[in-house]
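Subject: Handing over the predicted model

Hello,

Here is the structure I promised to pass on. Please open it first, then read my notes below.

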Amino acid sequence: MSSFDVTIIGSGPGGYVAAIRCAQLGMKTALIEKYDTLGGTCLNVGCIPSKALLDSSEHYHNAVHNFEAHGIKTGKITADIKQMIKRKADVVSQTCNGIKFLMDKNNVTVFNGLGSFVSKTQVQVTGKDGKSEVIDSKNIIIATGSKPNYFPGMEPDKKRIITSTEALELQEIPKKMLVIGGGVIGLELGSVYARLGTQIEVVEFADTIIPTMDRTLGKELTKVLKKEGFKFNLEHRVQSVVNSGKKVTLKALNKKGEEVTFEADYCLVAVGRKPFTDGLNLEKAGLAVNQKGQVEVNDHLQTSVPNIYAIGDVVRGAMLAHKAEEEGVYVAELLAGQKPHINYALIPGVVYTWPEVAAVGKTEEELKAEGREIKVGSFPIKALGRARASMDIMGLIKIIADKQTDEVLGVHMIAPRAADLIMEAVVAMEYRASAEDIARICHPHPTYSEAVKEAALDATESRALHI
Ligand code: FAD
Ligand code: NAD
């Protein structure tokens, strides 16, 4: 029987990063993955393929809508969805192969097959051919991730009632697509198809889109997406979705309790994801999942069995690739006797619409609910010279600071390249900067980052310069 210092079950961003760090720290490391390719949800059916399609559809949208204003004349422009999907598949394949390379480089032993606990220190790996072997490990990290969630009445049939996984593989541009859930997946994948000409109609339970983010962002993003042709039906409770062959019919109750019917070619179900532990045989290790289906862990990501840890989407907290990665590094360093730390309060969140949405820290609603005395500064993107040059004029940056100390408590933005811009705020907040600290830093001109400085100036003493 092969034996290891640490065995990781699941090769997503949590698992593969944990494997690299364990190996770097001198541990004999095994990684088990049930699929043929490494990288988990993120690389295969999540972050990477969705961004590949977002980029392709954005190029198409710009070519159709913006090139002429820039003085670029093209012939008739058409979208070739099959080529877009093929390019996406190439990007995914290169990225997944990159992980295989990293495992080889770091001497991580990769097992292809389903990992199931035999005991607290043994895991059985069963390959597709049914053959199995048992490996012995001093420590085990569960990194089995998550799967799309759905509620009764909206069960995906994966043909016309689809999840994000199928939406990344469509071979045609739908005329109309219903999207249940105005969260991250619904708006990102909705954007892909809206840009290609699909009529997107969102059916959302809450009274705003991206309901967990600062309200200002939902409001501004609604304006942006309506310009792209999105229709929004907020405060709608979905009752049923039926695939009748060539179309889907969705019935929902609006806030007055009236039944509303929608029809479309496809319905994308994007109402969150649920932790995945099927086939793990947790009970053989003396473990069970909680009511949310998560593996329970303490502050050190340790389960109730001391040598078994769990990280990423399968445990509490944001279901984000970078959070999973941080947790992978954390457990590896803990196992090596180090004293790692994760600042969960400063995990940035991004929605890759265009312009992008990004945030870190607390929302204005959260701070008000806490009774915190705050001041808010904001700056519109359209006031930037850089924005006019690029014709990207939608969005704003909002900085919330403590009224007395001026410490930055939350930064919320919808702006071109917000996914990258947010890191200035994360660094500032990690070092507990004040709004004035940010305002006094020299920002390059002309850049979108000037809006961060201006919002900080506005928060400091309402002394933004360019408005
Ligand atoms: P996963 O990536 O889910 O990996 C778990 C792995 O474990 C899988 O490969 C699975 O096959 C394997 N596994 C499960 N059980 C077993 C078993 N018993 N034996 C062997 N292997 C097993 N996050 C971001 O931060 N940014 C984004 O832009 C972003 N975009 C996304 C877009 C979409 C469409 C989706 C669906 C998700 C997106 N996410 C994004 C979320 C991100 O993908 C997840 O948060 C991240 O992948 C979680 O990593 P993980 O390692 O916990 O699990
Ligand atoms: P989400 O939690 O972002 O959004 C789900 C939306 O569905 C919410 O707006 C919610 O109010 C709504 N909803 C819930 N139940 C509903 C119902 N019955 N009827 C109508 N609406 C309903 O979840 P998601 O978009 O499915 O994404 C899943 C996870 O994947 C998220 O946790 C997210 O962090 C991660 N993800 C991240 C990114 C990124 O970082 N850019 C991209 C995609 C996915």
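First, the ground rules. This is a predicted model, in which local features need pLDDT of at least 70 and side-chain atom pairs count only at pLDDT 80 or more, while totals for chains, interfaces and linings use all residues. Residues are numbered from 1 along each chain as its sequence is written, chains are lettered from A and ligands numbered from 1 in the order in which they are written, and side-chain values use heavy atoms, with hydrogens and water left out.

**Ligand 1**

Ligand 1 has 39 residues around it. A residue counts as near if one of its heavy atoms lies within 4 Å of the molecule or strand in question. The nearest are Glu33, Thr41, Lys51, Gly115 and Ala321. By class, the shell holds 17 nonpolar, 17 polar and five charged residues. Here Ala, Val, Leu, Ile, Met, Phe, Trp, Tyr, Cys and Pro are nonpolar, Asp, Glu, Lys and Arg are charged, and the others, Gly among them, are polar.

Glu33 places a polar side-chain atom 2.6 Å from an oxygen atom of ligand 1. His322 has a side-chain N or O atom 3.2 Å from an oxygen atom of ligand 1. Met319 uses a backbone N or O atom, 3.2 Å from an oxygen atom of the ligand. Each is a polar contact, meaning a pair of N or O atoms within 3.5 Å; within protein, one must be able to donate a hydrogen and the other to accept it, and residues adjacent in sequence count only if both atoms are side-chain atoms.

How much of ligand 1 does the protein bury? Taken alone, the ligand exposes 1000 Å², and 95% of that is buried by the protein. These accessible areas come from the Shrake-Rupley method with a 1.4 Å probe; for residues, only the protein chains shown count as cover.

Several elements give two or more residues to this shell, including helix H1 (13-24), strand E2 (29-33) and helix H8 (321-335). The largest share, four residues, comes from H2. Helices (H or I, at least four residues) and strands (E, at least two) are DSSP runs, numbered from the N terminus.

**Ligand 2**

Ligand 2 is surrounded by 21 residues. Ile185, Glu188, Glu204, Gly272 and Val350 are the closest. The shell has 14 nonpolar, four polar and three charged residues. H6 gives the most, with three residues.

A polar side-chain atom of Glu188 lies 2.7 Å from one. A polar backbone atom of Val350 is 2.8 Å from a nitrogen atom of the ligand. For Phe205, a backbone N or O atom lies 3.2 Å from a nitrogen atom. On its own, ligand 2 has 840 Å² of accessible area, and the protein covers 78% of it.

**The sheets**

One open sheet has five strands, in the order E8-E15-E9-E10-E11, with parallel pairing. Two strands pair if DSSP finds at least two bridges between them. Strands E8 (161-162) and E11 (231-233) stand at the edges with a single partner each, so one side of each lacks a neighbour in the sheet. E9 (residues 176-180) and E15 (residues 266-269) run parallel, joined by four bridges. In that pair, Leu178 stands opposite Cys267. Helix H6 (residues 184-195) packs on this sheet and touches E9, E10, E11 and E15. Contact means heavy atoms within 4.5 Å.

The other open sheet has three strands, ordered E12-E13-E14, with antiparallel pairing. E12 (237-243) and E14 (259-264) are the edge strands. Six bridges join E12 to E13 (residues 248-253). Arg237 has Leu253 as its bridge partner in E13.

**Local features**

Two cis peptide bonds deserve a look. One runs from Trp354 to Pro355, with omega near -5 degrees. Pro355 is in the loop between E18 (349-351) and E19 (356-361). Another joins His445 and Pro446, with omega about -5 degrees. Pro446 lies in the loop between H12 (435-439) and H13 (450-461).

Thr447 is also in the loop between H12 and H13. Its side chain makes a polar contact with the side chain of Ser449, at 2.7 Å. Thr447 also touches Leu384 and Arg386, not counting residues up to four places away in sequence.

Lys158 has a positive phi of about 65 degrees, although it is not a glycine. Lys158 sits in the loop between E7 (146-148) and E8.

Best wishes

Methods:
Axes are lines fitted to C-alpha atoms, for helices over the stretch in contact, and angles run from 0 to 180 degrees between N-to-C directions.
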